[in-house]
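Here is a short tour for anyone opening this structure for the first time. Have a look at it, then read on.

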Amino acid sequence: MTPVHFAFSTTFILGLMGLTFHRNHLLSALLCLEGMMLSLYVALSLWTLQLNSINLSPTPMLMLAFSACEASAGLALLVATSRTHGTDRLQALNILQC
């Protein structure tokens, strides 16, 4: 495994571990998801550059667009839950309640 692959794998795993173990607040969960998406974007961009393929060149930009949509939906969810529940703590949210 090259040092570049190790760095991106470590970044993704750290984001996943942060999402799994430190999910007290919704904002920290969203930040971990964004870190994971950023590591995937950079890895996919470098993979496209290494293959020198023109067919794969729009793929990182498409993933970046989906990442921006996911971030905006997450922030909207954060604002909505903080307005209705008064906090962004995940323990305060009841999943069974509509």
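H1 and H2 run roughly antiparallel to each other, because their axes cross at roughly 160 degrees, and an angle over 145 degrees counts as roughly antiparallel. This is a predicted model, so keep that in mind as you go. Helix H1 covers residues 3-21 and helix H2 covers residues 26-51, and their axes come within 8 Å. As for the hand of it, the crossing of H1 and H2 is left-handed.

Who meets whom here? On the H1 side, the residues include Val4, Phe8, Phe12, Leu16 and Leu19. Thr11, Gly15 and Gly18 of H1 take part too.

Now for the next pair. The axes of H2 and H3 come within 10 Å and cross at roughly 175 degrees, which makes H2 roughly antiparallel to H3. The contact of H2 with H3 has 16 nonpolar, 6 polar and 2 charged residues.

Here are both pairs side by side:

| Helix pair | Axes come within | Crossing angle |
|---|---|---|
| H1 and H2 | 8 Å | roughly 160 degrees |
| H2 and H3 | 10 Å | roughly 175 degrees |

What does the UniProt record say about this chain? An unreviewed UniProt entry places the feature "transmembrane region" at residues 6-22, 29-49 and 61-80. In the model, residues 29-49 are 100% helix and 0% strand, with the end C-alpha atoms 31 Å apart. Residues 61-80 are likewise 100% helix and 0% strand, and there the end C-alpha atoms are 29 Å apart.

Two single residues are worth a stop. Is threonine 81 buried or exposed? Threonine 81 has 11% relative accessibility, so it counts as buried, the cut-off being under 20%. Threonine 81 sits in helix H3, which spans residues 58-85. Leaving aside neighbours within four places in sequence, threonine 81 is in contact with Leu26, Gly86, Thr87 and Leu93.

Proline 3, in helix H1, counts as exposed because its relative accessibility is 68%, and the cut-off for that is over 50%. How far is proline 3 from leucine 26? The two are 23 residues apart along the chain, and their C-alpha atoms are separated by 32 Å. Leucine 26 is also one of the residues that threonine 81 touches.

Definitions and conventions:
Residues numbered from 1 in each chain as written. Predicted model: local features only at pLDDT ≥ 70, side-chain atom pairs only at ≥ 80, totals over all residues. Heavy atoms only, no water. Helix = DSSP H or I, 4+ residues; strand = E, 2+ residues; numbered from the N terminus. Buried < 20%, exposed > 50% of the residue type's maximum accessible area, 1.4 Å probe, protein only. Contact = heavy atoms within 4.5 Å. Axes fitted to C-alpha atoms, helices over the stretch in contact; angles between N-to-C directions. Parallel < 35°, antiparallel > 145°, perpendicular 65-115°, else oblique. Left-handed = near helix turned anticlockwise from the far one by under 90°. UniProt positions renumbered as here; feature names shortened; annotations may be inferred. Nonpolar A, V, L, I, M, F, W, Y, C, P; charged D, E, K, R; others polar.
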